[in-house]
Amino acid sequence: GLTWAPAVPPSDLEEFGVAAATVGGLKVALYAVDGAYYATADLCTHGQASLADGFLDGELIECPLHQGTFNVKTGAAVGAPCSVAVRTFPVKLEGGLLHVGLP
Ligand code: FES
């Protein structure tokens, strides 16, 4: 089963729709899209960039380094130069904190 690791309060996502957190030693990016929450690995699959520093446009996160894009719901790489999907994790809100589900 999943281990639910506490991450950040939803208010951290209010300004930009995205925030970084470290859960279980793993750096993740959390996203708010239309009132629902999603998480991916924070590291871009194209290079050494933090997706949490990127620009969230709807359900797409744009990498700050070369402007490749991923769908935050599926992890799919949807915009060049990204071609490899980023890992996704389930998110739940409990006790006022977003929790990330780790395998
Ligand atoms: Fe993210 Fe190149 S490092 S698009």
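Not counting residues up to four places away in sequence, alanine 29 touches Val18, Ala20, Ala39, Thr40, Asp42, Leu51 and Ala52; two residues are in contact if their C-beta atoms, placed from the backbone, lie within 7 Å. The structure is a predicted model, in which local features need pLDDT of at least 70, side-chain atom pairs count only at pLDDT 80 or more, and totals for chains, interfaces and linings use all residues. Residues are numbered from 1 along each chain as its sequence is written.

Ala29 is among the residues with the most contacts inside the largest nonpolar core, together with Val28, Leu30, Tyr31 and Ala39; this core has 26 residues. A nonpolar core is a set of buried Ala, Val, Leu, Ile, Met, Phe, Trp, Tyr and Cys residues joined through C-beta atoms within 7 Å. Strands S2 (18–23), S3, S4 and S11 each supply at least two residues of the core. The largest share, five residues, comes from S3.

## Overall architecture

The chain has 11 strands and zero helices; both are DSSP runs numbered from the N terminus, helices being H or I of at least four residues and strands E of at least two. From the N terminus on, the order of elements is therefore β-β-β-β-β-β-β-β-β-β-β.

Along the principal axes, the C-alpha atoms fill a box of roughly 40 × 30 × 20 Å. Of the 103 residues, 32% count as buried; a residue is buried if 20 or more other C-beta atoms lie within 10 Å of its own, exposed if 12 or fewer, and partly exposed in between, with C-beta atoms placed from the backbone. Among contacts between residues at least 6 apart in sequence, 40% join residues at least 24 apart.

## The sheet of S1, S11 and S10

Three strands form an open sheet in the order S1-S11-S10, with antiparallel pairing; two strands pair if DSSP finds at least two bridges between them. S1 and S10 are the edge strands, each pairing on one side only. From one strand to the next, the twist averages 35°, where axes are lines fitted to C-alpha atoms, for helices over the stretch in contact, and angles run from 0 to 180 degrees between N-to-C directions.

Strand S1 (residues 3–6) is joined to strand S11 (residues 97–102) by four bridges, and alanine 5 stands opposite valine 100 in S11. Four bridges also join S10 (residues 91–94) to S11, where lysine 92 stands opposite histidine 99. The hairpin of S10 and S11 has two residues between the strands, and glycine 95 takes a positive phi near 60° there. In a regular strand the side chains alternate between the two faces of the sheet.

Two residues other than glycine have positive phi values. Aspartate 34, in the loop between strand S3 (26–33) and strand S4 (36–41), has phi near 50°. Aspartate 34 is exposed, because 6 other C-beta atoms lie within 10 Å. Glutamine 67, in the loop between strand S6 (60–62) and strand S7 (69–71), has phi near 65°. Glutamine 67 is partly exposed, with 13 other C-beta atoms within 10 Å.

A cis peptide bond, with omega about 10°, joins alanine 80 and proline 81. Proline 81 lies in the loop between strand S8 (77–79) and strand S9 (88–89).

## Phenylalanine 70

Phenylalanine 70 belongs to strand S7. This residue is buried, because 29 other C-beta atoms lie within 10 Å. Leaving aside neighbours within four places in sequence, phenylalanine 70 is in contact with Thr40, Leu60, Ile61, Gly75, Ala76, Ala77, Val78, Cys82 and Val86. From C-alpha to C-alpha, phenylalanine 70 and leucine 43 are 12 Å apart in space, and they are 27 residues apart in sequence.
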